[in-house]
Amino acid sequence: MVLSAAGIRFPIWAQAGTSVAGAARLLLGVDYYPDQTPEALWEEDSRMMAEVGFTNVRIAEFAWALMEPAEGKFDFAWLRRAVEILHKHNISVILGTPSAAPPPWLMVRYPDVVEVNAQGERLHPGGRRFTCPTNQVYRRLSLSIANAMAREFADTTGVIGWQIDNELTLSSSQRCYCNFCQAGFQAWLRSKYGSLDNLNKSWGTVFWSQTYTDFSQIPVPLPSGGDPNPGLALDYDRYQSYANVSFQEEQLVMLRKTCPHHFVTTNNVGLPLDTIDLRSLYEKLDFVAFDNYPGFFEMLLHQEANGPISPDTIPANIALGHDFARSIKGGKPFMIMEEQSGKAGQRTFSPQPEKGQVRLWTHQAVAHGAMGVNYFRWDTATFGAEEYWHGILNHDRSKSPGYVEIKQAVGELKALGPEVLNSNYAADAALVFDYDCSWAVKIQPGHHALSYMAQVTSWYGAISASHTGIDVIAPGADLAPYKIVFAPVVYVLSEAQASKIKSFVQGGGMFVTNFRLGVKTESSQIVRTPLPGPLRDVMGVTVADYVPIYSAKQGVKFSSAFAGPDGQCGIWADILQPSGAEVLGSYTSGEHAGEAAITMNSFGKGKAVYIGADLDAGSLSRVLRTLSAMSGVKQPFDVPPGVELTLRKSGDKQWIFLLNHTSVAQTVSIPKPLTDLLTKEAYSGTIELRGYGVRVLS
Ligand code: GLA
Ligand code: ZN
């Protein structure tokens, strides 16, 4: 193709379905429900979607009952007609396999496929996402409908790719505890540990007389007088994650064989959910696809917080989700499969986004590495549980306020083109997100208010305020590309990870962590050496005591390195005993007054920082941003509060994204003359961003 001659390599999803002109097709579309729409409207819908500039739709992920009205009786005629009409309007199709919501006939014939929740109660049909990931009958039936769809549409012009299932991370009870899962767990343990002796030793089952003499004796962690063995409980989280990955794998293997020229992905909500290890789930898929609902998320936070939340919370949380999506496949551009386009919610819903927000949220995803965006959804359902999850057309099919913005955003992303949308994201800093730590802290938090996810989110918020680009990496990831690596609550620490951290610091990197460091082995036993266990030498300290804080007040006095007001210590304090490390903060009250709270150790050519105190948000932000600067991470240029700056690169080209998350106009000083690719206007000195405004500069 012309562009490949220019040396621009397009990923598989851009090769499928070239447009008439031969140019690579972008993934800028909408989630469409012909299964819920009178057929007489399909032509008009397709014409209007083409008018917006959409290149594709995602369809059929909730249409099992229509595609298989009775077991083994398939009807794809309606779907084929819809695909043909869409294709006539040059709109490609991503087909969804429908295993997220089985038809009623299946539930009556195979009632055992439902999940059993953490209380041991069997869920009931009637909603969606209520089936067991291990159940072989459900797997067979899910594969059978997906296989029938694949054989039907493998060579259908216009079909370009697949979404397997829908939001596996959002299962109703997050975990299934049924008999099928118990048997699956036991088989998984047998292949992981090989022998019962090895398992009993790893878990320490001699405690409370739980020594197993047969794998079939091993329970799932359902309510039992006393907490489960931490090793068993952590392995069960790992098994349930694996069960979902292998459930998806069955459909993936079939699609690779039946539709080799189609791309395959699945859509999910990433952080703050930790249900499934998404690095495993997306490993064999072509790209990551996430769902993004900033307004809905804000409503949820209000409901949780039961009060006001600080204005920068949402943009930072959403940015964390995007950085995680991008980092899952090592920086590969990702897609937003569902982008909020209007009011969002089910029983309760969020208000219409303010003018400019839908466009802003679209560009924020691209600013963090997205290569494609599909909006949820084309029209607004007038029946079913999501009547209030508004689409681009209102209930009466009039255009919603988001219509104009979305049309503008689609046009702008087309103008930016594949080179920008496929470019890399610049990040000199990394934040570690570790599923094992998230699960192990949930199993034994030590303090009821300690949440690994909350720590990761608050650290991200603090670090991202310096707009220096952050990858959200796995514990075993290569650290060499980064100047500074942040890793809060490294509760479970493997020898392999410890040695990676050691060589990173030795090589000149800065490693920053906080309390509960290195407490647990991979099988969730407590290390038998003084804390922080395998990293004692790197951190240059010993933990003299670890203190969950309930009523006692504790503060931190900072050394000149972090010059500023004393900090507050929240729910936890690791009391540090330096053995070579410099003290950068000390506790101020109680029996630990004067003892070390924050230390920095020079190790090899690098630095290792231990923040023993659970710092208040203001102090945490100051400390982490100071450490970023110390590590040599630089922000391209300053921006006012409420404005986000990110950088994407390709070869020696770079694009600066400026995003105004406030409703008021902002002025940004720019270091050199730059052109806004969205308006084609040149600027020097300063540039204006109107409320919720966006600039893409180069
Ligand atoms: C999720 C699901 C969709 C729909 C939207 C709106 O992300 O994937 O099916 O439910 O949210 O709720
Ligand atoms: Zn189950």
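Cys569 counts as buried because its relative accessibility is 7%, where buried means under 20% relative accessible area, exposed over 50% and partly exposed in between, with a 1.4 Å probe and protein chains only. The structure is a predicted model, in which local features need pLDDT of at least 70 and side-chain atom pairs count only at pLDDT 80 or more, while totals for chains, interfaces and linings use all residues. Residues are numbered from 1 along each chain as its sequence is written, chains are lettered from A and ligands numbered from 1 in the order in which they are written, and side-chain values use heavy atoms, with hydrogens and water left out.

A disulfide is a pair of cysteine sulfur atoms within 2.5 Å, and by this rule the count is zero. Cys569 takes part in no disulfide, and the nearest cysteine sulfur, that of Cys437, is 20 Å away.

The zinc ion (ligand 2) is coordinated by the SG atoms of Cys132, Cys176, Cys178 and Cys181, at 2.2 to 2.4 Å; donors are N, O and S atoms within 2.8 Å of the metal (3.2 Å for Na, K and Ca), and sites may look incomplete since water is not among the atoms. Along the chain, the donors of this zinc ion follow the spacing C-x43-C-x1-C-x2-C. The arrangement is tetrahedral because the four donor atoms subtend angles of 99 to 119°, and four donors count as tetrahedral if all angles lie between 85 and 135 degrees. For comparison, the ideal angle for four tetrahedral donors is 109.5 degrees. Cys176 counts as buried because its relative accessibility is 0%; Cys178 and Cys181 are buried as well.

The residues surrounding ligand 1 include Phe62, Arg128, Asn166, Glu167, Glu338 and Trp389, each having a heavy atom within 4 Å of it. An N or O atom in the side chain of Asn166 is 2.8 Å from an oxygen atom of ligand 1. A polar side-chain atom of Glu167 lies 2.4 Å from an oxygen atom of ligand 1, and one of Glu338 lies 2.5 Å from an oxygen atom of ligand 1; a polar contact is a pair of N or O atoms within 3.5 Å.

Methods:
Four donors count as tetrahedral if all angles lie between 85 and 135 degrees; four count as square planar and six as octahedral if opposite donors are over 155 degrees apart and all others between 65 and 115; anything else is irregular. A polar contact is a pair of N or O atoms within 3.5 Å; within protein, one must be able to donate a hydrogen and the other to accept it, and residues adjacent in sequence count only if both atoms are side-chain atoms.
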